Amino acid sequence: MKSALIDTALGRRVQELHVEVVAGADFQAAVAELLVTYRTSAPIEAVAHRVVHGGEKFVEPTRLDDAVLSEIEQLNHLAPLHNPPALAAIRRARSVLPDAPHFAVFDTAFHATLPDHAREYALPADVRQRFGIRRFGFHGINHSHVAQSVSAHLQIDVTKLRIISCHLGNGASVTAIEQGRSVDTSMGMTPLEGLVMGTRAGDVDPGVLLQLRRAGHLDADELDELLNKRSGLKGLAGTNDMREIERRASAGDQDCALAIAVYVHRIRKYIGAYAASMGGVDVIAFTAGVGEHSALIRRRCLERLEFIGALLDVTRNEAVKLTSDQPVAILNVSASKVQLLAVRADEELAIAQAAAAALS
């Protein structure tokens, strides 16, 4: 459970606390403990909560009350692993700090600007409407943060930039950002679509799932567990720790070498597709755990992209060390037509700033 006390006027952390909540533990008690600790260090003017799925309705930071919480609860089926615990945490936090305003900031909200052609699946209208099937996208809080960080670093208005943001962590997605708006993203109705991730398969031919259902006799729960928990890097290499995969690949492990090859191939495909859909690209940015810390993955993702003007400086790439004081690093040579950047993820700051803007 990640948390931070943010001074939004200064854009800095006053305090930061992470709590590892083991299975079966009372995580709501951890929420209460965090807030009591923060309350003793400085006055709390608002509490902001990350909520993964906001559906079609919640596309802005939203002040929370009982009615809003009930509406969010109706979306639990869209994010059954994420929204219910978030709601439980919110309810406990409101009981601990009842006088402070509480806000929800939604991971799907940044992608509310997806155009119809990027949002809709090619399914019959009655099926889409009956079951609420459409593409929502995720990691929007950090993709938005990346766009703003890139704009500030380059001192170019975000509305004048075409940015491809690569959020590469245990969950991973690529977003095309044009004029400051999300115009396409690799995750879909659920976080399963798109890139190869830590334990998620990403793009899979739906026919494979039908085959597994019919010939493999896997039911819906078994397919869910396979696609969400046993696939991706873990399925290919036996582990979802990219550091371990890189180490074993360098020692000659062919499964790990294949995992890296499949992983970067999928990312490069999305980068190329989004450069084409936006009619070019001005910035390619890497963020989140793997994107910020793996020079190998960044280099491999950028191979063969010289044709769009993306020229990597290998020395700069190897030297990246992002901090709160230096949250952006340049990766490209001066002759590169595309700016290549590593950007420090800071969801807590982005969430706090979104809540502060809504409060004001």
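Contact here means heavy atoms within 4.5 Å. By this criterion, L75 is in contact with H53, G54, G55, F58 and N83, leaving aside its neighbours within four places in sequence. The model is predicted. L75 is found in the loop between α2 (66-73) and α3 (83-96). The relative accessible area of L75 is 15%. Buried means under 20%, so L75 is buried. L75 and I245 are 170 residues apart in sequence. In space, their C-alpha atoms are 36 Å apart.

The overall dimensions come next. The C-alpha trace of the protein spans about 55 × 55 × 45 Å along its principal axes. The radius of gyration is 21 Å. A compact globule of 360 residues would have a value near 21 Å, so the two agree. The protein has 15 helices and eleven strands. Of the 360 residues, 46% are buried. Contacts between residues at least 6 apart in sequence were also examined. Of these, 64% join residues at least 24 apart.

The largest nonpolar core has 47 residues. Within this core, the residues with the most contacts are I164, C166, L168, Y263, I284 and I297.

Residues up to four places away in sequence are not counted. Y263 touches L168, G169, V196, L233, M242, V290 and I297. Two of these partners, L168 and I297, are themselves among the residues with the most contacts inside the largest core.

Helix α6 (residues 140-154) and helix α15 (residues 347-359) pack with their axes 9 Å apart. The angle between them is about 90°. Angles of 65 to 115 degrees count as roughly perpendicular, so α6 is roughly perpendicular to α15. On the α6 side, the contact is made by I141, N142 and H145. On the α15 side, E347, A350 and I351 take part. The residues of this contact divide into three nonpolar, two polar and one charged.

Note on methods. Residues numbered from 1 in each chain as written. Predicted model: local features only at pLDDT ≥ 70, side-chain atom pairs only at ≥ 80, totals over all residues. Heavy atoms only, no water. Axes fitted to C-alpha atoms, helices over the stretch in contact; angles between N-to-C directions. Helix = DSSP H or I, 4+ residues; strand = E, 2+ residues; numbered from the N terminus. Parallel < 35°, antiparallel > 145°, perpendicular 65-115°, else oblique. Nonpolar A, V, L, I, M, F, W, Y, C, P; charged D, E, K, R; others polar. Core = buried A, V, L, I, M, F, W, Y, C linked by side-chain atoms within 4.5 Å. Buried < 20%, exposed > 50% of the residue type's maximum accessible area, 1.4 Å probe, protein only. Rg over C-alpha atoms; globule rule 2.2 N^0.38 Å.
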